Amino acid sequence: MNAKEMDNQLRIKTEGTLELLSQSPHYNRYEATPYDALDELFCAYELLKADGFVDYGCGKGRVSFYVHNRFQCKVTGIEMNGRLYEDVLTNLYHYRGKVQRKKDGQLHFERCYAEAFEVEPTDNRFYFFNPFSVQVFTKVVGRILESVEDHGRPVDLILYYPSMDYVQYLETKTAFNLLKEIKLGGIYEHNEDERFLIYRLQS
């Protein structure tokens, strides 16, 4: 199923890219994770209904809607760009009308900077497709670690097309350990960045 067909099934529109020309250099352009990549990820890595999934730099919400539709867990999308936030709210309106009424689990979106988002005690799975610089990433991970200190629990960080700056920070400055590497079939051989890395912190 191609991206347009999957978007139509979810009643959303998430294709295309968006350059954030007026934004800080710490924040990267919008580009949605391919649905094929999400299929491979979640065939090898399951979520539970009890999980709280946070999608940092959610853009138009593709990952958030996909995860909510597939696993019916609590999903929070974080987006700081006003245009993308309006797009994701439009998508939420259409998704709720056609899909969400049949699903359990909360789904909502917040417009804020990622490093300002207050991690909730129920949040335990965090998704990143290189949405911002490593300087912002370290602040976001710091927020997650503060939440774990207050409410002990295992947490996972899911990195798609992982930035080596992210990886180096996690492996040298934190207690996160690599849980799983998922290489995308058919394309990893030509581009070693086409993979997911999942890091876990045990409480």
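**Exercise 1.** How many helices and strands does the protein have?

*Solution.* The protein has six helices and nine strands. Both are DSSP runs numbered from the N terminus: helices are H or I with at least four residues, strands E with at least two. Before going on, note that this is a predicted model, where local features need pLDDT of at least 70, side-chain atom pairs count only at pLDDT 80 or more, and totals for chains, interfaces and linings use all residues. Residues are numbered from 1 along each chain as its sequence is written, and side-chain values use heavy atoms, with hydrogens and water left out.

**Exercise 2.** Work out why strand 7 is largely enclosed by the rest of the structure.

*Solution.* Start with the term: buried means under 20% relative accessible area, exposed over 50%, and partly exposed in between (1.4 Å probe, protein chains only). Strand 7 covers residues 155-160, and six of its six residues are buried, so the rest of the structure largely encloses it. Now check the faces. In a regular strand, side chains alternate between the two faces of the sheet. Here V155, L157 and L159 are buried on one side, and D156, I158 and Y160 are buried on the other. As for the whole protein, 52% of its 203 residues count as buried.

**Exercise 3.** Find the strands that pair with strand 7.

*Solution.* Two strands pair if DSSP finds at least two bridges between them. Step one: strand 6 (residues 125-128) pairs with strand 7 in the parallel sense, over four bridges. F126 has L157 in strand 7 as its bridge partner. Step two: strand 9 (residues 195-201) runs antiparallel to strand 7, joined by six bridges. Y160 stands opposite F196 of strand 9.

**Exercise 4.** Describe the ring pair of Y35 and Y66.

*Solution.* Rings of Phe, Tyr and Trp (its six-membered ring) pair if their centres lie within 6.5 Å; planes under 30 degrees apart count as stacked, over 60 as edge-to-face and the rest as tilted. By this rule there are 17 aromatic pairs. Y35 and Y66 form a tilted one, 6.2 Å centre to centre with 35° between the planes. Y35 sits in helix 2 (residues 35-44) and Y66 in helix 3 (residues 62-71), so the pair ties together parts 31 residues apart in sequence. Both Y35 and Y66 are buried.
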